[in-house]
Amino acid sequence: MSSSQTWKKVAWRSPSNIALIKYWGKYGRQLPRNPSISMTLKNCYTETEMEYRFGNVSNGPVLDFRFQGKHDEIFAARIMHYLDDISNEKPFLKNLEMKVSSSNSFPHSAGVASSASSMSAFVLCLLVAENEIMGIEKDEEDFLKEASSFSRLASGSAARSLYGGFVIWGESAFIPHSSSKYALPVTEVAPVFQTYRDAVMIVSSKKKTMASTRGHKLMEDHPFAQERYGQARVNLSRMIEILRNGDQMGFAELLEHEALTLHSLMMSSIPGYIEIKANTINIIDRIREYREKSGVPLAFTLDAGPNVHILYPEEDKEEVIYFIKHQLKDLCENKKWIDDEMGTGPERLI
Ligand code: DP6
């Protein structure tokens, strides 16, 4: 173990991801009720820099946290709560001081889910610091598996941000070694899906009505919970098959079915609540109409909020962007949308 008391530095960029098959409902220590699959994004990411020093304190961890250059007490409290949760597995935290500075590539107010990118970026920094301090050497595969597992404990969807392309979190008989504890990349993917793109229509940048964590909790007594978990498993197997065989219209149908199911689960929770807005529906209507008329296999999905993600093949990029500019942009808040694509996963910066 290194006992040096000098400050050292590490930094990571970690991406956001959008779920195709949704994680909605959890139990125990952040274990998902059903497996999920996501696509990793490229342009929506968090960059986190951590300066750390070991051995000068005994009642740590001590954290100074800045988001977009400013102290952020709410985020800091969330991280302290997380560090407390993992303190048994990571006893080195007692002697750790950290100065953390984090920023998102996408506007904080864009309504794009940021816990996946921000928590995974933080965990990557923390694990590099631990390995450095404790003199641990790990190969890349084990390092990413541990990072995924510890990201999961911070936020479920963050477990999937550790890899590029399509990523599965949760057990499936079709993906060897898949696990509820960590995510793994889905490697058998038809060429057409390997360069898929995601255009995010910002319908509202306001905070969601209900935090995801509370939404997951409402699944515990949800009248359709068991039915949903069974259906999600079936949908996941179908999605794995579709990604393998390149069936783009099958993809569109299943993707949209999952998104609408997620929001109908929210509406039928007790109490029920609504996250979509009028323009979410207007955008969905136009996407379906356009697909019908043009034959372009673009399709929508939603995370827990009102913004619409449009997934489509790279070869249709020009046509889809033209469609967005002429038919969808005006339905977005301040005409705002994000042009994104499949990403390759986290990158170490320092
Ligand atoms: C609808 O990962 O944000 O985006 O584990 O409580 O942090 P916590 O929840 P979170 O839930 C994400 C829900 C979702 C679907 C998904 O990403 O699979």
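Is Glu47 buried, exposed or partly exposed? Select Glu47 to begin: its relative accessibility is 24%, so this residue counts as partly exposed (buried means under 20% relative accessible area, exposed over 50%, partly exposed in between, with a 1.4 Å probe and protein chains only).

Before going further, please note that this is a predicted model, in which local features need pLDDT of at least 70 and side-chain atom pairs count only at pLDDT 80 or more, while totals for chains, interfaces and linings use all residues. Residues are numbered from 1 along each chain as its sequence is written, and side-chain values use heavy atoms, with hydrogens and water left out.

**First stop: Arg13**

Glu47 and Arg13 form a salt bridge, with 2.6 Å between the closest N and O atoms (a salt bridge is a side-chain nitrogen of Lys or Arg within 4 Å of a carboxyl oxygen of Asp or Glu). This pair links distant parts of the chain, 34 residues apart: Glu47 belongs to strand E4 (residues 36-54) and Arg13 to strand E1 (residues 8-21). Helices (H or I, at least four residues) and strands (E, at least two) are DSSP runs, numbered from the N terminus. Arg13 is partly exposed, at 27% relative accessibility.

Now show Tyr45. The charged end of Arg13 sits over the ring of Tyr45, 4.3 Å from its centre (this requires NZ of Lys or CZ of Arg within 6 Å of the ring centre and within 35 degrees of the ring normal). For another case, select Lys99, which lies over the face of Trp7 at 4.1 Å from the ring centre.

**Second stop: two helices**

Next, pick Glu258 and Arg228, a salt bridge whose closest N and O atoms are 2.9 Å apart. Glu258 is in helix H6 (residues 248-267) and Arg228 in helix H5 (residues 225-245). Glu258 is buried, with a relative accessible area of 0%, and Arg228 is buried too, at 4%. The structure holds 20 salt bridges.

**Last stop: aromatic rings**

Finally, select Phe65 and Phe75. They form a tilted aromatic pair, 4.9 Å centre to centre with 40° between the planes (rings of Phe, Tyr and Trp, for Trp its six-membered ring, pair if their centres lie within 6.5 Å; planes under 30 degrees apart count as stacked, over 60 as edge-to-face and the rest as tilted). Phe65 lies in strand E5 (residues 62-67) and Phe75 in helix H1 (residues 73-85), so the pair ties together parts 10 residues apart in sequence.
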